[in-house]
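Work through the exercises below with the structure open beside you, and try each task before reading its solution.

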Amino acid sequence: MKNKGISNIVIYFFLIFACVIALFPFIWSAFAATHTDTQIYSIDYAFRLGSSLAENFEKLSTAFPIWKNMMNSMFIAAVYTIGILVIDSMAGYAFAKYEFKGKSLFFGLFMMSMFIPTQVTLIPLFIEMNSFQMIDTNWSIILPGFASVFGVFLMRQNFMSFPNELIESARIDGAGHFFIFIRIVLPTMRPALTSLGILSFVNQWGNFMWPLITLHSQDKYTMPLVLSLMVQPGYVTDYGAVMVGALLALAPVLIFFLIFQKNFINGMLSGALKG
């Protein structure tokens, strides 16, 4: 019993230490956002609240239409996440519960597409979006990522655990395909949908390379572009304003995760164990 108590203490110690290491950058950034550039470089002000938060925010909002940029990121991430949930859940359900010729071949080819580097698709995607006259619009960021290979795989793994007998019973009672999918099967997949939604939202919120290529107007920029343009070689960097921007960019992701965190772990584990 004594050895068990000691082992628990050691485990808790390492867990607390890991949490401190993980949270340190965020805590420091929150304090740094209230300091001037000179104070940020001083260890004496590292964990003391300053009085320059309003000034730093004013510098940030003067350099960029920051609220417009925030709304761009919110709109892109929200619409992208909704599209991923709708399309990937339907595709995963089809691969899990429907039998059709070449099903295994199509799914195998679909999964192999994960091995294609993102950089290889950038030029074809740019040409395609340009032909649709969508360059420098939010839709040029949203549409190319609507079908996620990982999302289809995750949903398929979860749908495979749903009893086929319930689906057959519903069909015998006269239920149609969409009724069965939406009213019977999909409500049981809430943990998986939550996990996929969080991962998709965070992934799109932090997307940098593709928006950098397709967005040209300052009022169309997303938050990652704003933060990157504030720290450029050869220019004086106002780190106080950068820290304020970093906190603004962090807040929606943190709130989104805290709201849906209860189902996140369950959804990821169920997707890993079923199939």
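Rings of Phe, Tyr and Trp (its six-membered ring) pair if their centres lie within 6.5 Å, and planes under 30 degrees apart count as stacked, over 60 as edge-to-face and the rest as tilted. This is a predicted model, in which local features need pLDDT of at least 70, side-chain atom pairs count only at pLDDT 80 or more, and totals for chains, interfaces and linings use all residues. Residues are numbered from 1 along each chain as its sequence is written, and side-chain values use heavy atoms, with hydrogens and water left out.

**Exercise 1.** Find which residues ring pairs link into a cluster with Tyr93.

Solution. By the pairing rule there are 11 aromatic pairs. One of them joins Tyr93 and Phe181, tilted at 45° between the planes and 5.0 Å centre to centre. Because Tyr93 belongs to helix H4 (residues 66-97) and Phe181 to helix H10 (residues 177-185), this pair ties together parts 88 residues apart in sequence; helices here are DSSP runs (H or I, at least four residues), numbered from the N terminus.

Next, Phe159 and Phe181 have ring centres 6.1 Å apart and planes at 50°, so this pair is tilted. Phe159 lies in helix H8 (residues 149-159), so its pairing with Phe181 in helix H10 ties together parts 22 residues apart in sequence. The cluster linked by ring pairs holds Tyr93, Tyr98, Phe159 and Phe181.

**Exercise 2.** Decide whether Tyr93, Phe181 and Phe159 are buried or exposed.

Solution. Buried means under 20% relative accessible area, exposed over 50%, and partly exposed in between (1.4 Å probe, protein chains only). Tyr93, at 4%, is buried; Phe181, at 7%, is buried; and Phe159, at 0%, is buried.

Definitions and conventions. Helix = DSSP H or I, 4+ residues; strand = E, 2+ residues; numbered from the N terminus.
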